[in-house]
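Dear colleague,

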Amino acid sequence: MKKLKILNIVGARPQIIKASAISRAIASKFSDEINEIIIHTGQHYDRELSEVFFDELEIRKPDHNLQVGSGRHGRQTGLILERIEEVILDEKPDCSIIYGDTNSTLAAALAASKQHYPVVHIEAGMRSFNKTMPEELNRIVADHASTLLFASTNTAFKNLMAEGFRPENVAPYSINNPRIVLTGDIMYDNSLFYAELADRKKQNFLDKMDLVEDRFVLVTIHREINTDDLGRLTAIFTTLMELAEKNQTVMVMPLHPRTLIALRDKVPVLYEKLSGNKLIRVIRPVSFLEMILLEKKSLMIITDSGGVQKESHFFSKPCIVLRKETEWVELVKNGTVKLADADPGKITEAWGYFINNKESLKYPGFYGDGKAAVTILNKIIEVFRS
Ligand code: UD1
Ligand code: UDP
């Protein structure tokens, strides 16, 4: 039987990591049925935001790299749209897989669907209900341009139903008659798989970093709302520095280049203070295996990342989220994620709460059975074979 041709489309760091779960499952279980073509839009291009993941997670080099680079939303999305349309028309795929909510997700969804090539959206139905976030617009459009939508959580599945997607739709599926499926989260698959590898391959990483288990806090910050708003940027980093000093706790901050640039250019005095503070370790972004070790061994995690807040749950760590809202609402209900916005009072209160209640926190399984990638690929074969 002819193989299905699937485009696996990535652009930003978390998408490369997510795509590795699908690539791995294709290689181990579906290589007779699926021909995978990897497309990298080039939205992320620094080695530590891109190539390091291809190397470490053993993903095949992309078949196409569109090399769009950085730019304002319109330019970046427009360039991807223009370049990826050419590739789609050339490759004529049976379907194109897109992940999450970046500008690469949006552009790929539009390019494929407007040329009548079906789109498969992984991590469909996530909603913050805040359309001032670029990601919220991206994910809404991506969902409504898709034929097959995979929700990671019950909440995401319900969000799709609330927007008119119907679980009772039957084949043949199309953009006008889409299929929605609840699968669990491929990042849970990845965390289980790579945590074991991280222990084996990076045994000395913590020692080399001079870090002691449970004695440091892991911090990541990269969201537009926190890097581009001077008030929020200042409030967050000033509060974190004060907390580190007051509690004599090391904070490890693998910062996205956008945050580093913002600190250096917009608040140079604060940046100097951070750099001179022995308890604050501003470092370059780390690899995924290194990140897993930092997450597993930390006392607590402070982040504005979607992926990192979820990983805090996988590794049973309390997490302060530097946003007003989150898409992963089950974590807030569970009491292990506290939304602190960029508010010094809320950040400090959440810190105190977690330090005092750490032992009583519980981390139930919200994200499936760790086999979401296989479930997804079986469903793709079922839908696009017919
Ligand atoms: C993007 C996504 C965000 C996701 C994040 C994952 C959009 C709108 N946002 O945000 O949802 O959470 O990726 O990390 O798609 N830069 C570099 N080197 C690089 C890439 C970027 O220095 O390899 C710097 C550039 O100054 C660039 C800035 O980071 O202007 C922002 O990059 P961009 O890809 O536009 O957005 P992210 O903040 O990375
Ligand atoms: N990550 C990483 N190294 C880092 C920071 C993050 O490997 O220095 C991983 C992290 O473990 C998670 C993913 O990147 O799997 C999250 O990406 P990011 O925070 O950039 O984006 P978001 O999830 O918010 O879209």
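**The second largest pocket**

The residues lining the second largest pocket comprise nine nonpolar, two polar and five charged ones. Please bear in mind that the model is a predicted one. The lining consists of 16 residues, and those nearest the centre of this pocket are Ser23, Arg24, Ala27, Leu57 and Glu58. The space in the second largest pocket amounts to about 280 Å³. Three elements, helix H1 (13–30), strand E2 (34–40) and helix H7 (186–201), each contribute at least two residues to its lining. Of the contributors, H1 gives the most, with five residues.

**The sheet**

Strand E2 also belongs to an open sheet of seven strands, arranged in the order E3-E2-E1-E4-E5-E6-E7 with parallel pairing. Strand E3 (64–65) and strand E7 (179–182) are the edge strands, each pairing on one side only. At the E3 end, two bridges join E2 and E3 in the parallel sense, and His40 is found opposite Asn65 in E3.

**Strand E4 and its neighbours**

Within the order of the sheet, E4 stands between E1 and E5. With strand E1 (residues 4–10), E4 forms a parallel pairing over three bridges; here Asn8 lies opposite Ile97 in E4. With strand E5 (residues 119–124), E4 pairs, again in the parallel sense, over four bridges, and Ile98 faces His121 in E5 across that pairing.

How many of the five residues of strand E4 (residues 95–99) are buried? Five of the five are, so the strand is largely enclosed by the rest of the structure.

**Cysteines**

Cys95 has 0% relative accessibility and therefore counts as buried, the cut-off being under 20%. Cys319 is likewise counted as buried because its relative accessibility is 0%. A search for disulfides across the whole structure returned zero.

To summarise E4, this strand pairs with E1 over three bridges and with E5 over four, and five of its five residues are buried.

With kind regards

Key
Residues numbered from 1 in each chain as written. Chains lettered and ligands numbered in written order. Predicted model: local features only at pLDDT ≥ 70, side-chain atom pairs only at ≥ 80, totals over all residues. Heavy atoms only, no water. Buried < 20%, exposed > 50% of the residue type's maximum accessible area, 1.4 Å probe, protein only. Pairing = 2+ DSSP bridges. 1 Å grid on protein atoms, 1.4 Å probe; cavity = no way out; pocket = protein on both sides within 12 Å on 5 of 7 lines; lining within 4 Å. Points joined across faces, edges and corners; volume = space filled by probe spheres on them. Nonpolar A, V, L, I, M, F, W, Y, C, P; charged D, E, K, R; others polar. Disulfide = S-S within 2.5 Å.
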